[in-house]
Amino acid sequence: ESGFVPVARGRTEEWVRERMEAHRNPQGAITRLYGDGRWIQIIERRTSDGGYVGIRVDVTELKSKELELAKKTALLQATLDNIAQGLSVFDGELRLAAFNKRFLELLGMPERLGAVGTHFSEFIRFNAERGEYGPGDIEAQVAERVERARTPVAHRFERVRPNGTVIEVMGRPMPGGGFVTVYSDVTEQRRAQKQLAEHARELERSNAELEQFAYVASHDLQEPLRMVASYCQLLQRRYKGKLDADADEFIGFAVEGATRMQRMINDLLNYSRVGRKSAGFAPVDLRAAVDTALSGLGAAIEESGARVTVGTLPSVFGEAMLLERLFQNLIANALKFRRDDVKPEIEITAEREEGAWRICVADNGIGIEPEYAERIFLLFQRLHERSKYPGTGIGLALCKKVVEHHGGRIWVESEPGRGSRFKFTLPDSARTS
C-alpha cells in the first residue's frame, strides 16, 4: 500500500515542520512502527515551491522478514562465537564475509580487523608488522597463491605464535569462490604428543637395554652352568648306588635343577634374540615352516600317537626361522597338555583377512580357563605343577613376541576339557616393507 501524503494539520503538520527545520533539504526515508503493528516507510521530498511531499509505503511484511533474518543472523553469530575453534570465511573478492570471536583471539588480531569487508591482505600485513612470520612463511605463500590466481586452494599447516601457542590452520575453497578456514589451538595436543614420543623413546631404550642385559646374562651363564651340570652328572654316574639313598636323591635334584636351568637360559636367550638379530623379512612358505617344526617334534609325535592335520597354508611376509619356532612351540604345547588316555589331535588351518592371514592351531587337549587366556602369554607364567607338565614358562611368551615382531597379534579360545584354539595373524607376502 502506498500513497501521497500532503502537508497535513495537527500532529502530522508539526512533525513535518520539525523534519524540515532539522533538514533544510530533506530527501530520505524513515520507517516507523505504528500502534496497530504496521511498519510504514515514509519517503520525504521537498517540492520546488518550498512545500513538502511524502510517499507512505506499508512495509510490514518486508520488515517482518528483515527482523526474522536479523534474529537468525544473531543466532548464527552467537553459535559461531561459542565454537571452540576459530572460523573465518572470505568471499570471492577475498574480503571477510563471516567470522567468530575465537578467530581473532587465537591469532591475536585486533577488533578493528574483525569487520565484514576487511580484505585478506590486511591480516597478512598485520602479521608481517608484528613479525610473526616473514616472506616465505607458508601462510603468506597461501595468501600469495590465492591473491594471484583468485582460486583458493585447500591448505593445512601449523603456526607457532610468539607466546608458544600452536595453531592448526585448515582451509577449504568454497564452490562459489572464496574459502573457509578453521583455526584450532592444538598446543596441549602437541605437548602431549611430544611427551608421548619422549616416553616411547625412553621405553625403547629401556627395552633395548633389558634385551641386551638378558642376552649377555644368559649367554655368560651358559659356560659356568654347563660345568655345574657336567660335574653333577659325573657324580651321578660315578657314585650312584655307592652312597646312601639320600645322597643319590640329592645328586638327582642337583642334576635336574642344572638341566632345567640350562633349558630356561636357552629359552630366555632365544626370547631375547627375537627382534634383535633380524635376518630381514621375506616371503615364507608356512607349509614348509610347519613341516620343519613337525620334523623336530617327530619323536614326541610318535610317542604320543598324535595325529596332525595341516590344511592349505599360504606364504606370508616374515622371518622363516622365527615362524618355524612359533609353530614348533604351539605344536609342542598341544602335545604336552593332552588329556589322559586321549590321543592328541592337532589341526592347523589358515583363513584370509584384509591384508593378512589368520592362522589357527587347534587341539583336543585339557583346555584353559578363560580368566587365564592372557596370563599364559607372559614370561614364566605357569598354570600347572612342573612335575606334571614340565617346561620353563617361556614358550608362549616367545610365540607372542614372534607374532608381534611380525606386526600381528595372538590369542587363545578355549574351554577346560574341550581343547584350545591358538590363533594369530601374520602379514601376507604382498607387503614390501
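Modeller: I start with R409, which is in contact (heavy atoms within 4.5 Å) with V403, K423, F424 and T425, once its neighbours within four places in sequence are left aside. This is a predicted model, in which local features need pLDDT of at least 70 and side-chain atom pairs count only at pLDDT 80 or more, while totals for chains, interfaces and linings use all residues. Residues are numbered from 1 along each chain as its sequence is written, and side-chain values use heavy atoms, with hydrogens and water left out.

R409 sits in the loop that runs from helix 11 to strand 15, the latter covering 410-414. Helices (H or I, at least four residues) and strands (E, at least two) are DSSP runs, numbered from the N terminus. Although R409 and R358 are separated by 51 residues in sequence, their C-alpha atoms lie 9.5 Å apart in space. Just after helix 11 comes G407, whose phi is positive, at about 80°.

Helix 11 (residues 395-405) packs against helix 10 (residues 320-336) at an angle of about 145°, and the two axes are 9 Å apart. The axes are lines fitted to C-alpha atoms, for helices over the stretch in contact, and the angles run from 0 to 180 degrees between N-to-C directions. The crossing of helix 10 over helix 11 is left-handed, the term for a near helix turned anticlockwise from the far one by less than a right angle (clockwise is right-handed). Helix 10 contributes L322, R325, L326, N329, L330 and N333 to the contact, and on the side of helix 11 they meet G395, L396, L398, C399, V402, V403 and H405.

Not counting residues up to four places away in sequence, N333 touches L396 and F422.

R418 is exposed, with 61% relative accessible area. Its contacts, with residues up to four places away left out, are D363, G365 and I366. R418 and I368 are 50 residues apart in sequence, with a C-alpha to C-alpha distance of 8.8 Å.

A salt bridge belongs to this stretch as well: E413 pairs with R421, their closest N and O atoms being 3.7 Å apart. The term covers a side-chain nitrogen of Lys or Arg within 4 Å of a carboxyl oxygen of Asp or Glu. Both partners are partly exposed, E413 at 29% relative accessibility and R421 at 31%.

Now the context. By this rule there are 15 salt bridges. R190 and E168 form one of them, with 3.6 Å between the closest N and O atoms. R190 is in helix 6 and E168 in strand 8 (residues 166-173), so this pair ties together parts 22 residues apart in sequence. E168 counts as buried at 9% relative accessibility, whereas R190 is partly exposed at 24%. The two also belong to a salt-bridge network with R156 and E158.

Another pair, E61 and K65, has its closest N and O atoms 3.7 Å apart. They are 4 residues apart in helix 2 (residues 60-81), or about one helical turn, and both are exposed.

For the protein as a whole, the secondary structure amounts to 11 helices and 16 strands. Buried residues make up 34% of the 433. Among contacts with a separation of 6 or more, 54% join residues 24 or more positions apart.

Key
Buried means under 20% relative accessible area, exposed over 50%, partly exposed in between (1.4 Å probe, protein chains only).
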